[in-house]
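Here are some notes to read beside the structure. Please keep the model open while going through the points.

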Amino acid sequence: MTVNDACAKKIIKLIQAKKITQYRLEKDSGVTHGAMNRILMGKNNTITLTTLFKICLALEISPIEFLDDELFDFNKIEVD
């Protein structure tokens with residue numbers, strides 16, 4: 001799994017847990033619909049730190065909380 005795949009899975013997991021829609025996350029974070037779709041569909045080659053911070057702020061979690069997941073296991077994740 002790539003870093004981008006892990007980010008997409010984590011975002012999906014969080015919006016389901018917080019019972020919000022992708023649209024609500026886009027509005028609260030300021031990330032455009034097109035950019036969010038590319039992230040969640042795995043068509044984005046990179047997610048910037050700024051975008052990740054915007055998403056975390058909207059989800060009311062820290063970037064450390066976001067990354068504290070087995071999805072980001074350093075020994076299992078592919079880094080391009």
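1. Accessible areas here come from the Shrake-Rupley method with a 1.4 Å probe. By that method the protein chain exposes about 5400 Å², and carbon and sulfur atoms supply 54% of this area. Note that the model is a predicted one.

2. Overall make-up. The protein chain has five helices and zero strands. Read from the N terminus, its elements run α-α-α-α-α.

3. Size. The C-alpha trace spans about 35 × 25 × 20 Å along its principal axes. The radius of gyration of the protein chain is 12 Å, which agrees with the value near 12 Å for a compact globule of 80 residues.

4. Of the 80 residues in the protein chain, 36% are buried, where buried means under 20% relative accessible area. Among the contacts with a separation of 6 or more, 65% are between residues 24 or more positions apart.

5. Charges. The protein chain carries 11 positive and 11 negative side chains. The centres of these two sets lie 7 Å apart.

6. Helix 3. Which residues of helix 3 are buried? In this helix, residues 33-40, they are Ala35, Met36, Ile39 and Leu40. These residues cover an arc of only 125 degrees around the axis, which puts them on the same side of helix 3. After helix 3 comes Gly42, with a positive phi near 75 degrees.

7. Helix 4, buried side. The buried residues of helix 4 are Leu52, Ile55, Cys56, Ala58 and Leu59. Seen down the helix axis, they fall within an arc of 160 degrees, so they line one face of helix 4. What covers them includes helix 1, helix 2, helix 3 and helix 5 (63-67).

8. Helix 4, other side and end. Which exposed residues sit on the face of helix 4 turned away from its buried side? That face carries Leu49, Thr50 and Leu57. Helix 4 is followed by Glu60, whose phi is positive, near 60 degrees.

Note on methods:
Residues are numbered from 1 along each chain as its sequence is written. This is a predicted model: local features need pLDDT of at least 70, side-chain atom pairs count only at pLDDT 80 or more; totals for chains, interfaces and linings use all residues. Side-chain values use heavy atoms; hydrogens and water are left out. Buried means under 20% relative accessible area, exposed over 50%, partly exposed in between (1.4 Å probe, protein chains only). Helices (H or I, at least four residues) and strands (E, at least two) are DSSP runs, numbered from the N terminus. The arc is that of the directions from the helix axis to the C-beta atoms. The radius of gyration is taken over C-alpha atoms; the globule rule is 2.2 Å times the number of residues to the power 0.38. Contact means heavy atoms within 4.5 Å. Lys and Arg count as positive and Asp and Glu as negative; His and the chain ends are not counted. The place of a charge is taken as NZ of Lys, CZ of Arg, CG of Asp or CD of Glu.
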